[in-house]
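Work through the exercises below with the coordinates open. Each task is followed by a stepwise solution.

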Amino acid sequence: MSAVLTAKGLQKSFGAVRAAADISLTFDPGIVVSLIGANGAGKTTFLNMVTGYLRPDSGQILFGERDIVGLSPRRITKLGISRSFQIPQLFNSLSVRENLLVAESIAAMDDPQAAADETLARFELAPYAAQKAGLLPEGIRKLLDVSMALSSRSKLLLLDEPTSGVSADEKFAIMDVVMGAARVAGVTVIFVEHDMDIVARFAGRVVAFYDGSIIADGSPDTVLRAENVRRYVIGEEIPHAAA
Amino acid sequence: MKAAIVAIASLAALTALALLAPQWLVFMAMLALAKGVVVLGLLVLMRTGLVSFGQGLYFGIGAYTAALLSHHLHVADAAVMLLAGAAAAGLMAALLGLLLAGYRDIFFAMLSLAFSMILYGVLVKSAALGSTDGFNLHARTFFGVALAPGVERRVFLIAGAVCAVVVALLAHRLLGGHWGRLSTGVRDNELRVAYLGASPYRVVYVNYLIAGAMAGLGGALAALAVGHVDPEMTYWTTSGEFVFIAILGGTQSILAPFVAASIFEALRTIASQYAPNVWQMSLGLAMLAIIMFLPAGLWTLAERRRRSA
Ligand SMILES: Nc1ncnc2c1ncn2[C@@H]1O[C@H](COP(=O)(O)OP(=O)(O)OP(=O)(O)O)[C@@H](O)[C@H]1O
Ligand SMILES: [Mg+2]
């Protein structure tokens, strides 16, 4: 099966900080991949390069067959990659429903009203439909952000920490809703996550970042057990003798 | 439906005013309508979160286009003047908008101001256009029908009312639907707009163009009302007046610019009769009071009454 997304030798530095040092990754369609790594490891930078927000210093990014380096976020969104943000990016003075209406209308749905209602139901946002996005609790803002990203009927959905800033007992509920919606939409999902229980539960493949490089890539079982991942990502104390 | 009723009622009221009111009131109403149209355009632009301090540019272009048609090309039809005024201003906005749509906040405001001052400078220096004195215009027909002397203004007020109502209905439709929400989206979060696949630049550009064309229409209306144009129409104080009226009315309703412009013109007429020296100061005090007590404009008063009723 041909890959949805292929990154080849991506490099990106901010001054002395190497946010991406030779990142090469291939993503097959239909899978759910989790990107893990400590703060500052380069996970968001990777998403920013894929969506055209940042231009890699060198390297190639193929969406299907097409090289998308240098295209604007708007063009890339139109090609079929959408994303949610670490800090939800919403229209704060509009209601939840209006936020979705903007998204559905841009996506040129025949009937944006019906599409918005469908999304409201799928994301369990209907009770909040009339509320201003700026006044919502964080968990709901996260859901709305993801639901707007999915409105563009993309092939590839990138989620930057969909459960950050949300209480521990809400996290699984939110992920259940998000992943359920993604499955129905049939999109490939790449999500950044710090909570390893969430990763173990929802990811089919895990990629571990450290200092702009990939230090592990494979099934959740193997990656989450790997020693360097436990040391550099999960932050366990591992006696040096064992290293 | 509600909009259609308000439109018909406004049209009827203005027609009655045009036929029955004394000349000075007809004149005042026409200026209020002209400015209301300009300010409504400003409201469309403000939906994207941008304020232009240079709408005098388009107001002036609309007015001078109408006057030039009359004075130099001997076109004497008011309807042609109005359309040409709006078209010329729209054309200029289409050009300058290419640049301005890339700017935001204070840079946008100052750049728009700068362009209006350039036109002011050019007009003041142009002897052929009467320099600081400007020149007169005279419309003798309206849609080809000859205007009897003495009733021109009354006909113009009806024409102005029709223009204003049509423009207001269009703006109401535009802002009440997808485009209005998208414009608010651009104001709230351009990043999200781009990441949904739309262009914030394009939204700002189109709204800037609309605002420019409407200011041109308003300028042509004002030129017909006064029968005279001068560079003052493009001066920054004129642009400031539009922003003032916009804040006075608030952005809640399509009607607000017209109500606010009427109040503004009435106040000015009264003040220039009884207190010509403190007019500017009263303006300042009024502005202060509004920003402090009615930050969403006079329209909040109407809303409050409706809620308590
Ligand atoms: N626009 C930028 N300008 C300067 N430095 C940046 C920029 N974006 C990221 N960086 C730096 O690049 C490194 C990687 O950042 P990135 O945001 O990709 O990390 P992350 O893995 O997403 O971390 P977190 O888990 O905290 O979100 C960090 O050191 C960060 O400070
Ligand atoms: Mg991050």
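Axes are lines fitted to C-alpha atoms, for helices over the stretch in contact, with angles from 0 to 180 degrees between N-to-C directions. Helices are DSSP runs of H or I with at least four residues, numbered from the N terminus. The model is predicted: local features need pLDDT of at least 70, side-chain atom pairs pLDDT 80 or more, while totals for chains, interfaces and linings use all residues. Residues are numbered from 1 along each chain as its sequence is written.

**Exercise 1.** Determine how the axes of α3(B) and α5(B) are oriented to each other.

Step 1. Helix α3 (residues 56-71) of chain B and helix α5 (residues 105-125) of chain B have axes that come within 8 Å and cross at roughly 40°.

Step 2. Angles under 35 degrees count as roughly parallel, over 145 as roughly antiparallel, 65 to 115 as roughly perpendicular and the rest as oblique. α3(B) and α5(B) are therefore oblique.

Step 3. In contact (heavy atoms within 4.5 Å) are Leu57(B), Ile61(B) and Tyr64(B) of α3(B) with Phe115(B), Ser116(B), Leu119(B) and Leu123(B) of α5(B).

**Exercise 2.** Which atoms of Asn39(A), Ala41(A) and Gln86(A) lie by an oxygen atom of ligand 1?

Step 1. A side-chain N or O atom of Asn39(A) is 2.8 Å from a ligand 1 oxygen atom.

Step 2. For Ala41(A), a backbone N or O atom lies 3.2 Å from an oxygen atom of ligand 1.

Step 3. Gln86(A) has a polar side-chain atom 2.9 Å from an oxygen atom of ligand 1.

Terms used
Chains lettered and ligands numbered in written order. Heavy atoms only, no water. Polar contact = N/O pair within 3.5 Å; in protein donor to acceptor, adjacent residues only side chain to side chain. Helix = DSSP H or I, 4+ residues; strand = E, 2+ residues; numbered from the N terminus.
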